[in-house]
Amino acid sequence: MAKKKLNVAMVGAQFMGKTHSNAWRKVGMFFDIPVEPVMKVLCGKTPDDFANAQRWGWEEISEDYKEVVHRPDVDVVDICTPNFLHAPVAIEAAKAGKHIICEKPLANTLSEAKAMLGAVQKAGVKHMCGFSYRYAPAVQTIKNMMAKGELGAIFHVRATYQQDWIADPNFPMVWRLKKKHTGSGALGDIGAHIVDLCQFLVGEVEEVSGTLQTFIKKRPIADSDTGISGKKGAKRSKKMGIVDVDDAAIFVARLKGANTLATFEATRFAPGRRNYNRIEIYGSKGSVIWNQEEMNVFQYYNCADPET
Ligand SMILES: NC(=O)c1ccc[n+]([C@@H]2O[C@H](COP(=O)([O-])OP(=O)(O)OC[C@H]3O[C@@H](n4cnc5c(N)ncnc54)[C@H](O)[C@@H]3O)[C@@H](O)[C@H]2O)c1
């Protein structure tokens, strides 16, 4: 029997836009989903955003997300824009009765996030945030072990997310370095992933204490501020822009209703670390360590079988 079609509108069309396009195109080939996604419309802002629209499989393009989210032939809105647009696009889409997938970090502030939640609850639509690492097969295996209590009572979570892509002081100002556009720096961008992994695998953070640091406070302004590493070939001017978000965040936490301490480190200033997203979980029956740079491997220590 033919599956019901699910018409998708995606807003934002560069780094994550490419990744999500790939996922929408292939998801039905590998997962037994109850609908058939149709890549209806790609919404962007610049000519570059539309350069690959056809190649990726989008039927139409648009520069106006407000028009797109209200289209009667759109069922789900997938938000892959810089962070400051997550709340306005999601709230507008919820008002139009569309289901929503929104990239992390969910919002720039807690009040924006609460407004987004209120809007989707009022509209009664499905909604989710793009915490992609939850679905790494090794993370899913650890999740199953946790559900069966195989690590026992958890004493410690130790999570680090280290990158080095802006350690060079000549790296230009991109939107990820401007508070107005990004909300926070390493904290929201990569810290969000390790907090999510901790909450997904072990439990909710209840108390937190930490500190932030901005190592390089001014950077050259370039003629494009999109992309994770600045647009290739973007011209840099002699003018400098102010970095008003954190380059690194370090914090400790207690988890809710549990006897568990957690430590977190998120930094873009760890030379040699490209995408070192690592979580260690230590419990009364054993421990596990996963590092996304070797994503299909994890270490397991079983207290009942210390030889293995
Ligand atoms: N889940 C993950 O692992 C992961 C990884 C990278 C990025 N992200 C998240 O994805 C989001 C996008 O990041 P990115 O790296 O793709 O950024 P990017 O700079 O590569 O792309 C942003 C896109 O949004 C478009 N855009 C900006 N304003 C717009 C508007 N008004 N209307 C329509 N389009 C507009 C830009 O033109 C560009 O196409 C961010 O929230 C980021 O935190 C998630």
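The structure holds 4 aromatic pairs (Phe, Tyr or six-membered Trp rings with centres within 6.5 Å; stacked under 30 degrees between planes, edge-to-face over 60, tilted for the rest). One of them is stacked, because the rings of Phe251 and Phe264 have centres 4.8 Å apart and planes at 15 degrees. This is a predicted model, in which local features need pLDDT of at least 70 and side-chain atom pairs 80 or more, while totals for chains, interfaces and linings use all residues. Residues are numbered from 1 along each chain as its sequence is written, and side-chain values use heavy atoms, without hydrogens and water.

**The stacked pair**
- Phe251 belongs to strand 11 (residues 248–255) and Phe264 to strand 12 (residues 261–267), so this pair links parts of the chain 13 residues apart (strands are DSSP runs of E, at least two residues, and helices runs of H or I, at least four, numbered from the N terminus).
- Both Phe251 and Phe264 are buried (under 20% relative accessible area; exposed is over 50%, partly exposed in between, with a 1.4 Å probe and protein chains only).

**Charges over rings**
- Lys143 lies over the face of Phe200, 4.4 Å from the ring centre (the cut-off is Lys NZ or Arg CZ within 6 Å of the centre and within 35 degrees of the ring normal).
- Arg273 has its charged end over the ring of Tyr276, at 3.6 Å from the centre.

**Strands 4 and 5**
- Strand 5 (residues 99–103) is largely enclosed by the rest of the structure, because 4 of its 5 residues are buried.
- Strand 4 (residues 76–79) runs parallel to strand 5, joined by 4 bridges (pairing takes at least two DSSP bridges).
- Asp78 stands opposite Ile101 of strand 5.
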